[in-house]
Amino acid sequence: MRRHVLAVTAAVATLLTGFVSVRSPEWPTAFGAPEPAAACTGKSVFEVAPAHDARPLFAHAVSAVMLRDGRLRAVWYQGARELSPDVRIWTATFDGMRWSEARPVIGPAEATAGSGRFVGKVGNPLIFRNSRGELVLLFASLGKIGGWSGVSLKATHSRDEGETWSAPRQLTTAAIFNMATNVRGPAVPADGGGFTLVPTYHEFGKNFPELVLLDDDDRVVGKRRIGISHMGLQPFILVTDRRHALAFMRARDGYTLLSRTADAGDSWTAPVQTSEANSDVPVVVTRIGQELLMITSRFDQAASRWALVFAVSRDGITWRDLALRPFGSGPQDVVKYPWLLAGADGLYHVLFSVVYGRGGSQLMHARFSRDWIADQDGVPCQ
Amino acid sequence: MPVTLIELAGPMLVVAALAAALLRRRPRGVRTGAAILAAALVAAPFGSASAAMYFLGTFGPLSAATLIIAGKYLYAALANAEKQRWPSNTMLICLVVIGAAFYPLTFGLTSFDPYEFGYRGVAVPLLILALVLVGWGFRAADILWWILIAALLYVSDAYGNRNLWDYLIVPFDPIFAVGALAAGMPRRLLRRVNAGPDQDPTDFENASPPAGQTGLR
């Protein structure tokens, strides 16, 4: 008799579970409107200046967002070296003229105290604005031992444009001890508000890119695998219209990968190789007119230095290099991790790391106008 | 968001069960005291974090299956119900089958990711309904408790996690189940060879508890 009562109770609880499960948020049917491309200004501009010199420390993986007052807020991680216990997430703002003093936002101790879960190290940050207008900071967190394969994500948000941040919340994104989910590419708002699509990637065993659906309370409510072929990682999602988007992925060795969606990220084509060589570095892409502009980095044989690479494409598969801008003083200095956004000043802003062979790194800030792209034999101004 | 009490209870329960099991030949009072002390130590902060925070930071909250396994073990150790120490073979087999089908696919072996189904839809609720039928049909009360607790934790959003899979199973569970089944197999075979058809030593859903005891079944 007791068994029957227990079975009926479990069955009722199961039905309740099913009711809650089917009423959980659906995958969005459309993306939010893509940001308009910057227009030609009549002036060809390309300027580069250091945004933050961390040397002898290591600053890396910069992510940025536009603030309501037109300033740009950047976040990055900084410490003695990658995965060092002293690494913290740092931030600074750019007011159009100069960068503010950098200050730490959160480190392992604050993440442990705030989340109630031990955090030994922090890594890649990602900043974006949710549909409530709050800034959200996702960051990689790890235990004391092990490398990136043990990474999971935490989220904190700010209601004052990044001056103060809430206690971080654990995001659950993976079945096996919630391990191996990392972030890099910018988040994409879902149509109708309430949800944001966050490109992520799996970092244990086989790498593959994914897309996580996050609600405005920083809870993961959905997830899609972009594709497992070619072991792509660090997806960059370029929304082309309400339902269509392209995902460009870093490849361990070979060529930048491309996958497409026609249903707002619910399903993706199998990743294919593009013509753009990729030396295990992330890429950023934006639309300019009918063409795509990619910014990535690779070793420039002619200059014998690492360079920021600007390339254009009509279809996302076949790319033509426009310009290579070398940085550093020799082949040991590596340029990587570009972040692209259109500023209130009508210019594109690219933030990236120059990692020096002698140790330490510098965050660089390049600004260029749409006219400069046209001058490089790129997309002409209309 | 700090951890909730229910999240904290998982590692405390496991450590209490281990402490009581290690001292199972000692008097009941010693076992009980050791279990309480161990649970308290897990929650007590050492420096900037407690052992529970280390555990939750590394493995995350425990599934209902782990809670049932640890709870059953703790009950058996404290109540002298030695025969009820292990989960039923039916539950162990269910854990092995689900773990073997689920985890390799989440690991990127194919483009298909069953973990996605935990966020929404009827697939995982249908699976747990099937488990309820298995538990009822095979008289495995621990499966019914497992599903009931997983469902209640999920519905109450106890872990702040909207994926039903994480309330149902964690990788510890199929690993433990494989070990438990393997450990029980030689004894089961020996008993069959020596004494003919007899009570399966790990098949406790059909075992009678000692007089005066009604354990978690």
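Helices (H or I, at least four residues) and strands (E, at least two) were taken as DSSP runs and numbered from the N terminus. On this basis, the secondary structure of chain A comprises 3 helices and 25 strands. The structure is a predicted model, in which local features require pLDDT of at least 70 and side-chain atom pairs count only at pLDDT 80 or more, whereas totals for chains, interfaces and linings use all residues. Residues are numbered from 1 along each chain as its sequence is written, and chains are lettered from A and ligands numbered from 1 in the order in which they are written.

The C-alpha trace of chain A spans about 80 × 45 × 40 Å along its principal axes. Its radius of gyration, taken over C-alpha atoms, is 21 Å, which agrees with the value near 21 Å for a compact globule of 382 residues, the globule rule being 2.2 Å times the number of residues to the power 0.38. Of the 382 residues of chain A, 54% are buried, where a residue is buried if 20 or more other C-beta atoms lie within 10 Å of its own, exposed if 12 or fewer, and partly exposed in between, with C-beta atoms placed from the backbone. Two residues are in contact if their C-beta atoms, placed from the backbone, lie within 7 Å; among the contacts in chain A with a separation of 6 or more, 49% join residues 24 or more positions apart.

The contact between the chains takes 44 residues from chain A and 49 residues from chain B. On the side of chain A that touches chain B, α1 (2-22), α2 (108-115) and β14 (220-225) each supply at least two residues, and α1(A) gives the most, with 14 residues. By class, this side of chain A has 19 nonpolar, 16 polar and 9 charged residues, with Ala, Val, Leu, Ile, Met, Phe, Trp, Tyr, Cys and Pro counted as nonpolar, Asp, Glu, Lys and Arg as charged, and the others, Gly among them, as polar.

Within chain B, helix α3 (residues 51-59) is largely enclosed by the rest of the structure, because 7 of its 9 residues are buried. The buried positions in α3(B) are B:Ala52, B:Met53, B:Phe55, B:Leu56, B:Gly57, B:Thr58 and B:Phe59. These buried residues of α3(B) pack against α2 of chain A, together with α1 (5-22), α2 (28-43) and β2 (49-50) of chain B. Just after α3(B), B:Gly60 adopts a positive phi of about 85 degrees.
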